[in-house]
Amino acid sequence: MRNIRRIEIRPAEPDDVLMMASVLVETWRSTFRGIISDAYLDAMTVEDQAIRHARRMRATGVFHMVAADMASKKVIGLASYGRARGMPPAFDRELYTLYLMEEFQGAGIGSALVRTVARHCLDTGASSLFAWVLAGNPNRAFYERLGARVVGRGRVSVGGESYDQVAYRWDDLAMLSGAGNAAM
């Protein structure tokens, strides 16, 4: 039985950077072990990821949301998003990252993060959102359950290796955010 915890979804703050980096490293290792080389995963450090996140938090037009356990005040998940990179103009917003600690997966927190991102995208005039997802990611069905559809395929380089990736797109941000669903 799961321990019920109160989770807050909120904009990330500079003090969250180390916890965000820890979430990223831990989720990459638990999700991508056997997909991405062990050497690459084992070489990832919280310090390097913290530097990367701190730099991205200062970038114009890039937004970060975190899921924080209210009791411990620890970040347990994160999402970053902004203008689409390298896609046709019709793809106006991109979900760059979405990570949630394994023990919190399946409790609706990831969905709440995506819904919050969709709400913010709507508020800033966006009409759609897309995300690149590794083709071998065992959590791809999560995006499909939230109504995303496959709109493209590509390759990405990670640690000197090339991997297949899939582009998922949401066309109805109102529905995704919960604004288009009276039951939400």
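Tutor: Two strands pair if DSSP finds at least two bridges between them. Strands are DSSP runs of E, at least two residues, and helices are runs of H or I, at least four, numbered from the N terminus. The model is predicted: local features need pLDDT of at least 70, side-chain atom pairs count only at pLDDT 80 or more, and totals for chains, interfaces and linings use all residues. Residues are numbered from 1 along each chain as its sequence is written, and side-chain values use heavy atoms, without hydrogens and water.

Student: Which strand is joined to β7 by nine bridges?
Tutor: Strand β7 covers residues 161-170. Strand β5 (residues 129-134) pairs with β7 in the antiparallel sense, over six bridges. There, Leu129 has Trp170 as its bridge partner. The nine bridges, also antiparallel, come from residues 149-158, strand β6.

Student: Which residue takes a positive phi in the hairpin of β6 and β7?
Tutor: Val150 stands opposite Tyr168 in β7. Two residues lie between the strands of this hairpin. The positive phi, near 60°, belongs to Gly159.

Student: How many residues of β7 are buried?
Tutor: Buried means under 20% relative accessible area (1.4 Å probe, protein chains only). Across the chain, 45% of the 184 residues are buried. Strand β7 is mostly covered; of its 10 residues, the buried ones number seven.

Student: What is the radius of gyration of the chain?
Tutor: The radius is taken over C-alpha atoms, and the globule rule is 2.2 Å times the number of residues to the power 0.38. For 184 residues, a compact globule would have a value near 16 Å. The chain agrees, with 16 Å.

Methods
Buried < 20%, exposed > 50% of the residue type's maximum accessible area, 1.4 Å probe, protein only.
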